[in-house]
Amino acid sequence: DVRWTASGGSAFALNMYKCLTASIGFIIMCLIRGFSNMDIASADVFTANNIGYLLLSSTLGIIVGDLLWLEALRLIGAKHVIVIDSIKPFAAAILGRIFLQENLRPPAWGGMFLTVLGVGVVSWEEQSKSSQSNEDAEGECDDTNAVQIESDRISNDADDIGTTQISSQNTDDNVSIPDDKSKRYWRGYTCAIINVLADSFGSLLTKQHGAGMTTWTINLLRFGFAGIILLLVSIAMRLHGCYRSSRIDGHSQHTKNENKEDTESTLHIDQSCNTLSTPAQQQCLRPLWYQLPSLNLKGWLLAFTGVALVTFLCPAFEKFALFQITLALAISLSSIGPLYGLMLEVPFKGKRPTIWGCLGACLAIAGVVILSVFGY
């Protein structure tokens with residue numbers, strides 16, 4: 001993800017690449033292991049009803065859920081999203097009880113609470129350290145930016161007037177900042193809550209209508225469908241861009257004799273980007289949100305390795321476990337990823353975990369043990 005973001009790749013493009021690449025692996029495994037369990041007839045498994053609900057599960061959990069999660073992350077930040085994500089196991093427990101008649105014993109509810117609390121503490125601590133590091137980096141850049149701004153102001157008196165006008169306008173606009181912040185948080189929390197419900201309901205539909213299919217088949221239907229939808233969106237946006245470019249070229253050719261300079265500026269806007277030197281100006285060289293970024297061979301190998309581990313193997317094990325244990329237990333265990341990040345910080349980053357991180361890990365592990373004993 002780091003290399004992908006550094007190259008200008010968007011979350012949409014990353015999601016499309018992950019879904020399509022993982023689907024190739026799921027196809028290969030389906031051809032090797034089969035599409036359904038041996039003891040169940042395929043005609044009873046692959047009904048229009050089951051396939052339709054699995055595609056709906058893909059839409060809710062992968063397409064809609066991921067987009068809403070990313071939007072919530074943009075609006076309210078990772079810390080607040082973590083708080084909302086903590087209710088996902090409880091939502092899964094309620095859905096499992098209503099639709100699957102999966103009743104959890106009281107100790108299991110306590111174990112789930114400890115797991116969620118521990119994971120929340122670890123995630124909150126990680127985000128706090130990340131935010132502090134970003135603030136320190138921004139503080140170091142502020143002095144350099146201030147010197148550059150002062151130099152620009154002195155070199156061009158006209159810019160002072162424009163800057164003063166903009167500053168005055170921004171001062172007036174500050175009155176509405178509290179209202180805008182309130183609306184942003186309201187939209188962010190709404191997106192985060194809908195994401196939790198959509199993801200939980202998607203897992204419920206998978207367990208209800210994926211019985212008899214292999215884990216490879218279930219993931220092929222879900223990720224393959226999502227990948228195709230995202231690919232179609234990308235193709236549509238590319239065609240739309242080509243259509244707009246053709247219209248711009250036609251209009252430029254029509255007005256060439258009237259305004260030659262403006263026409264040349266329009267026709268060669270892409271070529272001018274290649275000569276820009278400042279980082280801000282070179283933003284025009286970054287790929288659009290629906291395009292794949294340009295990576296070297298090492299970058300693509302790392303991206304492929306990430307897909308193989310996160311989007312291929314993890315969902316395969318997760319969907320297999322979904323049919324072996326209760327829905328609430330499966331969702332709770334799938335949420336302990338931050339614990340592994342805490343353990344990997346020492347060998348890969350050389351960072352020692354904080355006391356709060358260790359405390360959160362202990363709480364989460366205790367919750368997992370209780371869930372493993374009483375969660376069936």
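Okay, let me start with a pair of residues: E102 and K207 are both buried. They also form a salt bridge, with the closest N and O atoms 2.6 Å apart. This pair links distant parts of the chain, since E102 sits in the loop between α6 and α7, K207 sits in helix α9, and the two are 105 residues apart. Keep in mind throughout that this is a predicted model.

The protein has 16 helices and zero strands. It runs to 376 residues, and 33% of them count as buried. Now take the contacts with a sequence separation of 6 or more: 84% of those come from residues 24 or more positions apart.

Back to salt bridges. How many does a search of the whole structure find? The count is four. As a reminder, side chains of opposite charge can pair when their charged atoms come close. I've shown you one, and I'll go through two others.

The next one is D199 with K88, where the closest N and O atoms are 2.8 Å apart. D199 lies in helix α9 and K88 in helix α6, so this pair ties together parts that are 111 residues apart in sequence. Are these two residues buried or exposed? K88 counts as buried because its relative accessibility is 17%, and the cut-off for buried is under 20%. D199 has a relative accessible area of 22%, so that one is partly exposed.

Then there's a local one. E71 and R74 meet through their side chains in a salt bridge, at 2.6 Å from N to O. Both of them lie in helix α4, residues 48-76, and they are three residues apart, which is about one turn of the helix. On accessibility, E71 is partly exposed at 29%, while R74 comes out as exposed at 57%.

Two packed helices are described by the angle between their axes and the distance between the axes. For α6, residues 88-99, against α14, residues 327-334, the angle is about 165 degrees and the axes are 8 Å apart. That makes α6 roughly antiparallel to α14. The handedness of this crossing is right-handed.

Leaving aside residues up to four places away in sequence, A91 touches V196 and S200. The C-alpha atoms of A91 and L327 are separated by 9.9 Å, and those two residues are 236 apart along the chain.

Q101 is in the loop between α6 and α7. What is phi doing at Q101? It is near 55 degrees, a positive value in a residue other than glycine. In general, most residues other than glycine have a negative phi. Q101 is exposed, with a relative accessible area of 57%.

Helix α2, residues 11-33, packs with helix α13, residues 297-322, at an angle of about 65 degrees, and here the axes are 9 Å apart. This crossing is right-handed. On the α2 side the residues are Y17, K18, T21, A22, G25, F26 and M29, and they meet W300, A303, F304, V307, T311 and F312 in α13. By class, we're looking at nine nonpolar residues, three polar and one charged.

Last stop, and it's a cysteine. C362 lies in helix α16, residues 355-374. With a relative accessible area of 51%, C362 is exposed, given that the cut-off for exposed is over 50%. In space, C362 and T115 are 9.1 Å apart, C-alpha to C-alpha, although 247 residues separate them in sequence.

That's my tour. Happy to take questions.

Note on methods: Residues are numbered from 1 along each chain as its sequence is written. This is a predicted model: local features need pLDDT of at least 70, side-chain atom pairs count only at pLDDT 80 or more; totals for chains, interfaces and linings use all residues. Side-chain values use heavy atoms; hydrogens and water are left out. Axes are lines fitted to C-alpha atoms, for helices over the stretch in contact, and angles run from 0 to 180 degrees between N-to-C directions. Helices (H or I, at least four residues) and strands (E, at least two) are DSSP runs, numbered from the N terminus. Angles under 35 degrees count as roughly parallel, over 145 as roughly antiparallel, 65 to 115 as roughly perpendicular and the rest as oblique. A crossing is left-handed if the near helix is turned anticlockwise from the far one by less than a right angle, and right-handed if clockwise. Buried means under 20% relative accessible area, exposed over 50%, partly exposed in between (1.4 Å probe, protein chains only). Contact means heavy atoms within 4.5 Å. Ala, Val, Leu, Ile, Met, Phe, Trp, Tyr, Cys and Pro count as nonpolar, Asp, Glu, Lys and Arg as charged, and the others, Gly among them, as polar.
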